[in-house]
Amino acid sequence: MADFVITTDSNSDVPEGFLVQHGIPVIPQYYMFGETVYGDEIKMEPSEFYETMRKGELPKSMANNPEVIREKFTKILKEGKDILHIAFSSALSGSCQNVQVAARDLMEDYPERKILVFDSLNASLGEGVSVMRAVQLKEEGRSMEEIYDILAEERAHVNVCFTVDDLHHLQRGGRVSKTTAVVGSMINIKPLLTVTATGELKSDGTVRGRKKALKTLVTRMEQCLDTEHFGKDRPVAIVHGDCIDDALAVQEHVKELGFENVVINDVSPSIGTHAGPGVVGLIFYGKTVK
């Protein structure tokens with residue numbers, strides 16, 4: 001069985017320590033403030049990124065760079081290793097397709113090597129939990145093909161629910177109307193959203209007030225659990241846009257449900273571009289996502 005390397009992109013929001021510990025190469029995703037492109041050589045800390053947004057500057061997100069993909073993959077292939085890449089949802093970006101195209105081209109140049117591209121149909125740590133699952137399965141001795149198949153079987157059970165603090169960022173991305181953003185903000189309406197089984201964002205109702213929105217994330221989780229098939233040893237992930245206190249509050253509620261393996265991380269800037277400061281997301285394995 002050929003040795004292989006698990007790779008992903010920066011939209012997966014896997015904690016840096018985990019990436020370093022397990023030697024996971026990351027394809028950068030890009031974003032812009034003005035004419036400056038960030039994401040590779042030039043980076044912003046999440047706190048700086050979200051503070052810049054709070055001051056009124058609006059970033060733009062960009063897909064990955066095909067040349068960077070080829071460079072990172074070629075280095076691995078030259079070492080005689082195969083690649084299992086876990087990608088950002090193809091329904092939300094052209095990044096997955098860029099990796100697939102590069103993989104096809106490189107396998108012509110290196111016919112003895114194999115590259116499998118797994119479309120997570122998810123974002124942030126909704127994608128990242130598949131990266132962590134792949135590492136676990138590899139450490140158990142599973143082959144690259146076996147891991148791909150297991151990830152595909154479990155993909156529709158990765159539940160993501162999140163809320164944003166400012167409707168205007170969703171309005172900019174076309175997720176809600178301008179009228180909804182203005183009126184909703186005036187009466188303190190907080191939207192709830194999910195990621196569908198096809199990898200798209202979907203509105204899942206609204207509540208009034210931030211505290212209720214955060215509590216509702218956990219309530220929805222409790223309703224969607226499937227502990228018969230996915231036990232409480234599975235990781236639960238919480239992501240946030242520069243609002244760690246809110247993430248910790250959600251963590252406390254999650255632990256009350258009996259989950260101890262909770263991962264918390266920032267929402268990366270290339271995704272935070274659309275969600276804005278104050279986004280909080282909850283990711284867990286549960287019932288089939290629709």
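This is a predicted model: local features need pLDDT of at least 70, side-chain atom pairs count only at pLDDT 80 or more; totals for chains, interfaces and linings use all residues.
User: Why is Phe-49 called buried?
Analyst: Buried means under 20% relative accessible area. Phe-49 has 0% relative accessibility, so Phe-49 counts as buried.

User: Where in the chain does Phe-49 lie, and which residues does Phe-49 touch?
Analyst: Phe-49 lies in helix α2, residues 46–54. Leaving out residues up to four places away in sequence, Phe-49 touches Tyr-31, Phe-33, Met-44, Pro-59, Pro-269, Gly-272 and Thr-273. Contact here means heavy atoms within 4.5 Å.

User: How far apart are Phe-49 and Ile-264 in sequence and in space?
Analyst: The two residues are 215 residues apart in sequence, and their C-alpha atoms are 18 Å apart in space.

User: Why is strand β9 said to be largely enclosed by the rest of the structure?
Analyst: Strand β9 covers residues 189–195, and seven of its seven residues are buried, so β9 is largely enclosed. Ile-189, Pro-191, Leu-193 and Val-195 point one way from β9, while Lys-190, Leu-192 and Thr-194 point the other way. Residues on both sides are buried.

User: How do you know that β9 pairs with β8 and with β10?
Analyst: Two strands pair if there are at least two bridges between them. Strand β8, residues 158–163, is joined to β9 by three bridges, so by the cut-off of at least two the strands pair. Between β9 and strand β10, residues 201–208, there are six bridges, so this is a pair by that cut-off as well. Both pairings are antiparallel.

User: Which residues are bridge partners in these pairs?
Analyst: Phe-162 has Leu-193 in β9 as its bridge partner. Thr-194 has Lys-202 in β10 as its bridge partner.

User: What lies between β9 and β10, and what phi does Gly-199 take?
Analyst: β9 and β10 form a hairpin with five residues between the strands. In this hairpin, Gly-199 takes a positive phi near 85 degrees.

User: What makes up the lining of the largest pocket?
Analyst: The largest pocket holds about 760 Å³ of space and is lined by 30 residues. Ser-10, Glu-16, Leu-19, Lys-43 and Ser-268 lie nearest its centre. At least two lining residues come from each of β1, α1, β2, β12 and α11. The most come from α1, with three residues.

User: How do the lining residues of the largest pocket divide into nonpolar, polar and charged?
Analyst: The lining has 14 nonpolar, eight polar and eight charged residues.

Key:
Residues are numbered from 1 along each chain as its sequence is written. Side-chain values use heavy atoms; hydrogens and water are left out. On a 1 Å grid over the protein atoms alone, a cavity is a set of points where a 1.4 Å probe fits but cannot get out, and a pocket is an open set with protein on both sides within 12 Å along at least five of seven lines; lining residues have an atom within 4 Å of a point. Grid points are joined across faces, edges and corners, and a volume is the space filled by probe spheres set on the points. Helices (H or I, at least four residues) and strands (E, at least two) are DSSP runs, numbered from the N terminus. Ala, Val, Leu, Ile, Met, Phe, Trp, Tyr, Cys and Pro count as nonpolar, Asp, Glu, Lys and Arg as charged, and the others, Gly among them, as polar. Buried means under 20% relative accessible area, exposed over 50%, partly exposed in between (1.4 Å probe, protein chains only).
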